[in-house]
Amino acid sequence: MCGRYQFSAEQADEVLQIIQEVQDKVGAKAAAAIPRGEITPGCKMPVLVASEDGAAPELMVWGFRMPRSTIINAKAETALEKPTFAESVRCCRCVVPSTGFYEWDGDKRKYHFTLPGSQVLWMAGLFDMRSGVPCFVILTTAANESLREIHDRMPLMLTREQIEPWLRSAKMTEQFLAMTPPLLDARPTDAQIKLW
């Protein structure tokens, strides 16, 4: 968990704005190369980081490259204790904008999770430089009741109002890491077949 998320400008004006800001910063060609739809580890995606003007998008690769593997998630409950993540928790926090995420149940049925009443789902993350490449991971926490029957983990989510404090306030970091995520809507992605 979370091994796939959705990033769709067609569904969210705020995502479209982020893509426009990336384009203004790095050019139309780089912005056009940002994948849309279902995002997989290894993709170069916009994440929000602290800047002088507030939260600003930067392009980073999803996954911390390690000698023998790539780590895409960090457990919120233990991130401060793990050498791989501790420094990032202290000073390199980011926010991963999405229009939902995907999870599979025990029968390999795929579900799309979204936040009721919101076009965008903001996921708390961490970033670092690995082999000269800026990269990020998504923080996860114990699943709440909207996800528990499908998977035991889910992304640590933020409201729009929590983005700036998450990025800037080291004093509030532990509070954020201990948050219980809001309830989500789940929709199966495969066609439902009913036998009579």
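Me: Which residues are exposed on the other side of helix 1?
Reply: Asp13 and Asp24 are exposed there; exposed means over 50% relative accessible area, buried under 20% and partly exposed in between (1.4 Å probe, protein chains only). Helices (H or I, at least four residues) and strands (E, at least two) are DSSP runs, numbered from the N terminus. This is a predicted model, in which local features need pLDDT of at least 70, side-chain atom pairs count only at pLDDT 80 or more, and totals for chains, interfaces and linings use all residues. Residues are numbered from 1 along each chain as its sequence is written, and side-chain values use heavy atoms, with hydrogens and water left out.

Me: And which residues of helix 1 are buried?
Reply: Val15, Ile18, Ile19 and Val22 are the buried residues of helix 1. They lie on the same side of helix 1, because they cover an arc of only 100 degrees around its axis, taken from the directions from the axis to the C-beta atoms. In general, an α-helix has 3.6 residues a turn, so residues three or four places apart point the same way.

Me: What do the buried residues of helix 1 pack against?
Reply: Their partners include strand 1 (5–7), helix 2 (28–32), strand 8 (93–98) and strand 11 (121–130), contact meaning heavy atoms within 4.5 Å.

Me: What follows helix 1?
Reply: Gly27 follows helix 1, with a positive phi near 105 degrees.

Me: How many bridges join strand 8 to strand 11?
Reply: The two strands run antiparallel and are joined by 6 bridges; strands pair if DSSP finds at least two bridges between them. Within this pairing, Val95 stands opposite Ala124 in strand 11.

Me: Changing topic: how many aromatic pairs does the structure hold?
Reply: There are 5 aromatic pairs, where rings of Phe, Tyr and Trp (its six-membered ring) have centres within 6.5 Å; planes under 30 degrees apart count as stacked, over 60 as edge-to-face and the rest as tilted. One of them is the stacked pair of Trp62 and Phe136, at 6.3 Å centre to centre with 10 degrees between the planes. Trp62 is in strand 4 and Phe136 in strand 12 (residues 133–142), so this pair ties together parts that are 74 residues apart in sequence. Both Trp62 and Phe136 are buried.

Me: How are the planes of Phe64 and Phe85 arranged?
Reply: The planes are at 40 degrees and the ring centres 5.9 Å apart, so that pair is tilted. Phe64 lies in strand 5 (residues 64–65) and Phe85 in the loop between strand 7 (73–75) and helix 3 (86–91). Phe64 is buried at 0% relative accessible area, and Phe85 is buried at 8%.

Me: Which residues form the aromatic cluster?
Reply: Tyr5, Trp62 and Phe136 form one aromatic cluster.

Me: Now Gln6: buried or exposed?
Reply: Gln6, in strand 1, is buried, with a relative accessible area of 9%. Its side chain makes a polar contact of 3.1 Å with that of His112; such a contact is a pair of N or O atoms within 3.5 Å, where within protein one must be able to donate a hydrogen and the other to accept it, and residues adjacent in sequence count only if both atoms are side-chain atoms.

Me: Where is Asp105?
Reply: Asp105 is in the loop between strand 9 (101–104) and strand 10 (110–114), and is buried at 11% relative accessible area. Its side chain joins that of Arg109 in a polar contact of 2.8 Å.
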